[in-house]
Amino acid sequence: MAHESLPQFETFRYNNIMIQLTDIQKNYDGPSGEIEILTGVSIPIPPKASIAITGPSGSGKSTLLRILAGLEPPTKGRVIVHNQNIYDLTDDDRATLRSQTFGFIFQSFRLFPALTVIENIQLSLDIKGTKNSDTIAHEWMENVGLAHRKDHLPETLSGGEQQRVAIARALATNPSVIVADEPTGNLDKKNSDGIQTMLQSCMEASNAALVLVTHDIELAKICDTQYELSNGQLLK
Ligand SMILES: Nc1ncnc2c1ncn2[C@@H]1O[C@H](COP(=O)(O)OP(=O)(O)OP(=O)(O)O)[C@@H](O)[C@H]1O
Ligand SMILES: [Mg+2]
């Protein structure tokens, strides 16, 4: 294959990897002993899959996303990316893999407040070492309909507009998987509908898979597969 001569993680840029969560268990220390949050969660995430996870507050949805994206080790189980368990990697290698594999969208947007919105997008491209980051960032501002606001600070944009920037930032780096944790959780109905439409059209134009946590049943329906997390288990 032409990819064989590339450095170790370069192949992650080709968006065609399969990710597999296998028998993930997670316990936390509670005031009266260990609490089992996840008791054996397995999910295959094929390329371009779209997976919605719903479930009651406190059921472990955000915990599961953090484990998937290499941010928090499970108590037991494996997260296989490119045929290796990411928690067997060194911290540095896992951080490299994380930045090249995953794009994040959070409920609270998490844009850098001191940077303009276009600088927020450009920074994530620069961290990844992408060439022409200014041109790509500009294209993404256009893709999400905010080119006219590109030099503004995040706080001067509405919540819905900030989330459009966050979607652009997540997708601009061409990740294999978009991980979205309640991306409409802080928005009113109108903005939430706008984000749903934008996320859907951005995902259709992208090769990325989507793993989406939401309370919003309508938003969950943009995904091909819907799971509910309940009592530490994923139910279809
Ligand atoms: N670092 C931690 N230490 C101890 N307990 C934790 C920790 N992180 C999460 N928990 C607990 O794990 C459970 C699951 O939390 P998590 O944030 O994953 O839930 P969630 O399904 O995302 O909830 P929500 O819908 O409210 O966002 C909660 O009871 C939470 O208190
Ligand atoms: Mg949560």
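Colleague: What share of the contacts in the protein chain with a separation of 6 or more comes from residues 24 or more positions apart?

Modeller: Two residues are in contact if their C-beta atoms, placed from the backbone, lie within 7 Å. Here, residues 24 or more positions apart account for 70% of those contacts. Do keep in mind that this is a predicted model, where local features need pLDDT of at least 70 and side-chain atom pairs count only at pLDDT 80 or more, while totals for chains, interfaces and linings use all residues. Residues are numbered from 1 along each chain as its sequence is written, with chains lettered from A and ligands numbered from 1 in the order in which they are written.

Colleague: Which residues touch the most other members of the largest nonpolar core?

Modeller: The general idea is that nonpolar side chains tend to be buried together in soluble globular proteins. A nonpolar core is a set of buried Ala, Val, Leu, Ile, Met, Phe, Trp, Tyr and Cys residues joined through C-beta atoms within 7 Å; buried means 20 or more other C-beta atoms within 10 Å of a residue's own, exposed 12 or fewer, partly exposed in between. In this model the largest core has 59 residues, and Val179 and Val211 touch the most other members. Helix H5 (residues 159-172) gives the most to this core, with 7 residues (helices are DSSP runs of H or I, at least four residues, and strands are E runs of at least two, numbered from the N terminus). Beyond four places in sequence, Val211 touches Ile45, Ile51, Leu65, Leu68, Val177 and Val179.

Colleague: Is glutamine 122 buried or exposed?

Modeller: Glutamine 122 is buried, because 23 other C-beta atoms lie within 10 Å. This residue sits in helix H3 (residues 117-127).

Colleague: What surrounds ligand 1?

Modeller: A residue counts as near a molecule if its C-beta atom, placed from the backbone, lies within 6 Å of it. The shell holds Tyr28, Ile37, Gly55, Ser57, Gly58, Ser59, Gly60, Lys61, Ser62 and Thr63. Helix H1 (residues 61-68) gives the most to this shell, with 3 residues.
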